[in-house]
Amino acid sequence: MIESTGLQGVSIGQTEIALVDGENGRLIYRGHDAEVLVREQRFEGVAFLLANGRLPSDEELGTLRARLAEGLATPPQVLAVLEQLGADAHPMDALRTGLSAWAALRRRDEGGDAGDAPWAIASSAAVVSDYARLRQGLAVVPADPSLGLVENYLLKTNGTAPEPATARALDAYFTVAAEHGMNASTFTARVIVSTLSDVGSGLVGAVGALKGRLHGGAPSHVSHMIDEIGTKENAEPWLRARLEAGERLMGFGHRVYKTYDPRARALGDVAQELAGEDPRLELARHVEQIALRLLAEYKPGRRLYTNVEYYAAVVLGGLDLAPDLYPATFACARTAGWTAHMLEQLANNRLIRPSVDYIGPMPD
Ligand code: ACO
């Protein structure tokens, strides 16, 4: 039988972008604690930090915000492609397809440059929000240059600018989702540009990798789980039945974190601020407590704790976003990390080409 290690614990090299400290439950972006950045910065500042290694000046931040707002105008050719997908495409497929079409229009044959990060961030948000409108037969909504990226994302998706508290919650989500070390999608992006392909191709590959539910596809499953559980009394029998059937509880467990995911903690705080005494949040907290107890009972020694996707589902559930848009919204935030990694790869490039142990038969 073939052993599947999933490359656990294998380092693919060095990075200056982020540290995911799984034992101590810390996430560091270029020397800054992500939990502090959530409170003190907005997403654009964090994207600048990831790309440049330092926080922006007010002027640099203003320039980036303006550039992102401008970049939210989807070219008509890309809108035509999105329209062709019909109403029931998976938003991650729409994002992958829209980005691929948009990247082709940019005519970049290979490599990348500093302009790729703002392009990737804005074009992803534009494609997802425009597809969300088009699939309902609604006209796309132009961005408002006076608004930040997250406000514009909600404006373009819902047709109205969000309340400040709502925008704040989504901004916190974008910040904690922006970067996370050598996860599957980031590795995919780095592998693609290591061949000297272009950043657009890396982005398209990364979206494909993020789509799977073991990676970025989890939050909509968490939402369904909480909805299906429905009441506090139902939590234990429901969760126990899933574990008895050998199923996984979505929003729990992580390859690197063997303690509470710091991003889940930051988003839990934001959810509390946003929702106050909301019964859905109360139910989510209750389900979490029972799930943690049952995971310790059914999987002793596995150190399974709440991951980012659990409270991502709670925060996103408090916004006016359809659950099937959650993974694509995650992708929009992660473009900041993906592009930082692709440019870091290109700046010190060596083709990524690992080896594998052949265990098949040999010719006689
Ligand atoms: N529920 C129940 N059991 C679990 C869970 C879970 N959520 N996660 C892991 N386990 C169990 C496995 O069944 C396995 O038990 P066994 O050895 O007795 O069979 C053991 O814990 C180890 O599991 P692995 O699959 O080896 O752990 P891995 O590091 O590969 O998985 C992953 C990490 C994929 C995140 C896993 O915990 C999982 O499937 N979680 C649910 C999906 C989810 O929440 N994904 C979002 C992750 S966060 C992100 O990507 C942004």
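Start by selecting residues 326-347, which form helix α16. Helices here are DSSP runs of H or I with at least four residues, strands are E runs of at least two, and both are numbered from the N terminus. α16 has 22 residues and reaches 32 Å from its first C-alpha to its last. That is close to the 32 Å expected at 1.5 Å a residue. The expected span is 1.5 Å times one less than the number of residues.

Before moving on, note that this is a predicted model: local features need pLDDT of at least 70, side-chain atom pairs count only at pLDDT 80 or more, and totals for chains, interfaces and linings use all residues. Residues are numbered from 1 along each chain as its sequence is written, and side-chain values use heavy atoms, with hydrogens and water left out.

Now click Arg334. α16 bends by about 40 degrees there. The bend is the angle between axes fitted to the seven residues ending at a residue and the seven starting there. Next, look around the helix. Of its 22 residues, 20 are buried, so α16 is largely enclosed by the rest of the structure. Buried means under 20% relative accessible area, exposed means over 50%, and partly exposed is in between (1.4 Å probe, protein chains only).

**Next stop: the ligand**

Select the ligand and its surroundings. How many residues surround the ligand? There are 21, and the closest are Arg248, Leu249, Phe252, Arg255 and Arg302. A residue counts as near when one of its heavy atoms lies within 4 Å of the molecule. Colour the shell by class: ten residues are nonpolar, five polar and six charged. Here Ala, Val, Leu, Ile, Met, Phe, Trp, Tyr, Cys and Pro count as nonpolar, Asp, Glu, Lys and Arg as charged, and the others, Gly among them, as polar.

Zoom in on the oxygen atoms of the ligand. An N or O atom in the side chain of Arg248 is 2.8 Å from one. A polar side-chain atom of Asn307 lies 2.9 Å from an oxygen atom of the ligand. For His215, a backbone N or O atom lies 3.0 Å from a ligand oxygen. Taken alone, the ligand exposes 920 Å², and the protein buries 78% of that. Accessible areas come from the Shrake-Rupley method with a 1.4 Å probe; for residues, only the protein chains shown count as cover.

**A loop and its partner**

Go to Thr74, in the loop between α3 (58-71) and α4 (76-84). Thr74 counts as buried because its relative accessibility is 10%. Show the side chain of Asp130 too. A polar contact of 2.5 Å joins it to the side chain of Thr74. Such a contact is a pair of N or O atoms within 3.5 Å; within protein, one must be able to donate a hydrogen and the other to accept it, and residues adjacent in sequence count only if both atoms are side-chain atoms.

**Last stops**

Select helix α2, residues 43-52. Eight of its ten residues are buried, including Phe43, Val46 and Leu50. Gly53 follows α2, with a positive phi near 85 degrees.

Finish at Arg107, in the loop between α5 (91-106) and α6. Is Arg107 buried or exposed? At 65% relative accessibility, Arg107 counts as exposed. Its phi is positive, near 55 degrees, though Arg107 is a residue other than glycine. Most residues other than glycine have a negative phi.
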